Amino acid sequence: MENTENRKKWGEDVFSLLSWFKMDKVKNAKVLVAGAGALGNEALKNLALFGVGNIIVVDFDKIEYSNLTRSVLFRPEDADKGLYKADIAAKRLMEINPTINVIPVCGNLATDVGLGVYRRVDVVLGCLDSLTARTYLNRLSFRAGKVWIDGGIGNLEGQVSGYEMNESCYECSLMEEEVADMENRIMSCPAIGQENEEAGRVPTTPVITSIIAAIQVQEAMKIIHKEDLDKGVFTTLIGTMFNYEGMHPDAGIFDFKSYRKDCVSHEYWEDIVEIPQLSADTKISEALDIIKKTMGVENVEINLRNDIFTESLVVKSDNRKFKTMFPKSKISDHIKSSKELRDISFLEGGLYINEYENIDQEFPFMDLTLKQIGIPYLDVIQITTEKGYAYVELTADKKYYEFLF
Ligand SMILES: [Zn+2]
């Protein structure tokens, strides 16, 4: 017992010397960090040093030797073993500060993290290297009504900006070509950011990484102290951008506010109904019944908004079928892993996907679970009923994210 007590000691008292630091706020804070690469490592390290009590770290990648030059949390042995970035980051953070809780998610920020996680955190940090992943993070943060802080690095240059519904939107700030490029990626492969379109091509250094991630965490600390923020104790980077250029040193903050009327990111999911009996492990037949009963409706259609369920790949020329029965986000890896499918040349349009975007009473695979059709734990599902759209949460999955409740 005594050992446990010792292990749980941490010197955060020193921060009470800061005029703005409120220990209870920081201990109870919940932060979602998307990406455990170079920026993620630095951001997570700072959050742990500050004693931010509850952190969720999401990354689908495994540790490689090339990561070690900018990743304070990783060791050569981790690369030897090819361990997951999120797992190791979580483990090392709790070594640095044993008083905090960290939950790793070795997966995709959109298809493996439920919206119930997003809606329960104080702030989201985007430590990402792809435009598509940032766009998804923007959409999910807006649906959940959360501020997200984006960091970007390249060479000796970096930027930080904050985004919030009705204030400033990442997707609206993109140039037309960028949007077109991204729409193509999203259409062809919803394995968001899994393509790592920029990874390896943007050279970065451990120095620019720590500068930019540090500013991100500083912004996060302000959002955590929301009351003080509302009183004007702080100003955030929401609607502005901090830019640092290290080659010929220059730094500044400039207006960076875009908010178009027709942007699809501006969607806030309100009046979410939490259903304590509903889990991603619930079978579809049962889930439809539970939702009908809870909502008092006759008809329920589940709209798959992040991932789509695929039944099979079909060869266009001769209608040969290859059974899939998994979400669309896994299709590109599946094709890559099969020589036969690769040879049919997906890119030239040799295959089409037999898929389901909406699930109702007519769905032929009622024994599958929600997870099997692409809905993650603690997600919020958009449903269509005879009364219109509604949102229900898989609240039985709170067991996977206890500290959020
Ligand atoms: Zn927008």
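A crossing of two helices is called left-handed if the near helix is turned anticlockwise from the far one by less than a right angle, and right-handed if clockwise. Helices (H or I, at least four residues) and strands (E, at least two) are DSSP runs, numbered from the N terminus. The structure on display is a predicted model, in which local features need pLDDT of at least 70, side-chain atom pairs count only at pLDDT 80 or more, and totals for chains, interfaces and linings use all residues. Residues are numbered from 1 along each chain as its sequence is written.

**First stop: helix 3 and helix 5**

Please select residues 38-50, which form helix 3, together with residues 85-96, which form helix 5. Helix 3 passes helix 5 in a right-handed crossing. The axes of the two helices come within 9 Å and cross at roughly 30 degrees; such axes are lines fitted to C-alpha atoms, for helices over the stretch in contact, and angles run from 0 to 180 degrees between N-to-C directions. Helix 3 and helix 5 are therefore roughly parallel to each other (angles under 35 degrees count as roughly parallel, over 145 as roughly antiparallel, 65 to 115 as roughly perpendicular and the rest as oblique).

Which residues make the contact? On helix 3 they are Gly 40, Asn 41, Leu 44, Lys 45 and Ala 48, and on helix 5 they are Ala 89, Leu 93 and Ile 96. Two residues are in contact if their C-beta atoms, placed from the backbone, lie within 7 Å. Of the residues in this contact, five are nonpolar, two polar and one charged; Ala, Val, Leu, Ile, Met, Phe, Trp, Tyr, Cys and Pro count as nonpolar, Asp, Glu, Lys and Arg as charged, and the others, Gly among them, as polar.

**Second stop: helix 3 and helix 10**

The crossing of helix 3 with helix 10 is right-handed. From helix 3, the residues Ala 38, Leu 39, Glu 42, Ala 43, Asn 46, Leu 47 and Phe 50 meet helix 10, where their counterparts include Thr 209, Ile 212, Val 217 and Met 221. This contact comprises 10 nonpolar, four polar and one charged residue.

Next, select residues 123-126, which are strand 4. Both faces of strand 4 are covered: Val 123 and Leu 125 on one side, and Val 124 and Gly 126 on the other, are all buried. A residue is buried if 20 or more other C-beta atoms lie within 10 Å of its own, exposed if 12 or fewer, and partly exposed in between, with C-beta atoms placed from the backbone.

Val 33 has Leu 125 of strand 4 as its bridge partner. Strand 5, residues 148-154, is also parallel to strand 4, with three bridges between them. Gly 126 stands opposite Asp 150 in strand 5. Two strands pair if DSSP finds at least two bridges between them.

Select Gly 158, which belongs to strand 6, residues 157-163. Is Gly 158 buried or exposed? It is buried, with 27 other C-beta atoms within 10 Å. Leaving aside residues up to four places away in sequence, Gly 158 touches several residues, among them Gly 151, Ile 208, Ile 212 and Tyr 244.

An open sheet of three strands has the order 12-11-13, with antiparallel pairing. Strand 12 (321-327) and strand 13 (351-356) are the edge strands, each pairing on one side only. Strand 11, residues 309-315, pairs with strand 13 over six bridges in the antiparallel sense. Within this pair, Phe 309 has Tyr 356 as its bridge partner.

In the loop between strand 11 and strand 12, select Asn 319. Its phi is near 60 degrees, a positive value in a residue other than glycine. Most residues other than glycine have a negative phi. Asn 319 is exposed, with 7 other C-beta atoms within 10 Å.

The tour ends at an open sheet of five strands in the order 9-16-15-10-14, with mixed pairing. Strand 9 and strand 14 (358-359) stand at the edges with a single partner strand each, so one side of each is left without a neighbour in the sheet. Helix 12, residues 284-295, packs on this sheet and touches strand 9, strand 14, strand 15 and strand 16 (388-394).
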